[in-house]
Structures are given as C-alpha cells and as structure tokens.
Amino acid sequence: MKKAVAKTSATKPAEGASPAKLIDGRIKELGDWRGEMLARVRGLIREADPEVVEEWKWRGVPVWEHDGIICTGETYKEVVKLTFAKGAALADPAGLFNSSLDGNVRRAIDIRQGEKINEKALKALIRAAIELNAAKKKPAKKRPA
C-alpha cells in the first residue's frame, strides 16, 4: 500500500491530505508576499471564528466555512483575493469590498502587495458572514417517533 505524501501543487493534491495541510503547502509554495498575506488573513479568520472549518475546493482554492461558505482565499499574480460567498448581503461600513461589486451575491476584497489590512473591520465582516449563514441555515428535519 502506497503512503500519500502531501504535494503543494494546486493541480495534484495528495489523496488524504487535510485541507489545512494543503493550505499550509500553498502558503509555502507561494514563498512571497502573497503567501505571507494568505497566512495573515487565515490567522485573522481563525481569530474571528475559532470554530471555522477549512476546506480545499475547486482544484486548489482555500475555503473557510461555518454553516456554509464564509469566504475563499485565491492568490493571483497581483492580488490575494478574499471572495465572500454572500458578500452582497453584508454591511461593509469600513468599505473593505473593492472587487466583484457588480455581482448579485458575491463581493471580494483584493489585497495588493504592501497594503495594510483593517483587521478589526475584516473580523467584523467574517463574523457578519457567519451570522448570515446561521440565519439562513435550514432547521434539521424532525424524525417521526
């Protein structure tokens, strides 16, 4: 029986590797400001919600969930993009959303090299997304006695 070894490539994740390990691998693989920023926002998400569930979807996209998707953490050449699945329904008093503003459902935050993160506002946005997910969560079906 062959033992699975974690591979960091987005196209060929190792079978059985946990999403957390795959995200660790992506951060290390990037090896530049994007990896540092992805690690930083990941830490802020965990601080905002210690019960957050990390997933690895769509051929290599880190996803954070709590009663549904909170946001994704995509990395591109020029930006680290946090896309909030239901961002259009969230209040954004600090004006963090700066991308995907025309969408019906999603909103995103593009973070460029050298930009500072408003940590307090980002954590508030994460908590608001969790509250929205919880409010839209379908109640469990009752089983007949």
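The legends below describe close-up views of a predicted model. Local features need pLDDT of at least 70 and side-chain atom pairs count only at pLDDT 80 or more, while totals for chains, interfaces and linings use all residues. Residues are numbered from 1 along each chain as its sequence is written, and side-chain values use heavy atoms, with hydrogens and water left out.

View 1. Helix 2 covers residues 33-48, helices (H or I, at least four residues) and strands (E, at least two) being DSSP runs numbered from the N terminus. Aspartate 32 caps the N-terminal end of helix 2, with a side-chain oxygen 3.0 Å from the backbone nitrogen of arginine 34.

View 2. Five strands form an open sheet in the order 1-2-3-4-5, with antiparallel pairing (two strands pair if DSSP finds at least two bridges between them). Strand 1 (53-57) and strand 5 (107-112) stand at the edges with a single partner strand each, so one side of each is left without a neighbour in the sheet.

**View 3. Strands 4 and 5.** Lysine 81 stands opposite aspartate 110 in strand 5.

**View 4. Helices across the sheet.** Helix 1 (residues 19-30) lies across strand 1, strand 2 (61-65) and strand 3 (69-75), whereas helix 2 lies across strand 1, strand 2, strand 3, strand 4 and strand 5.

How values were computed
The expected span of a helix is 1.5 Å times one less than its number of residues. A polar contact is a pair of N or O atoms within 3.5 Å; within protein, one must be able to donate a hydrogen and the other to accept it, and residues adjacent in sequence count only if both atoms are side-chain atoms. Contact means heavy atoms within 4.5 Å. Axes are lines fitted to C-alpha atoms, for helices over the stretch in contact, and angles run from 0 to 180 degrees between N-to-C directions.
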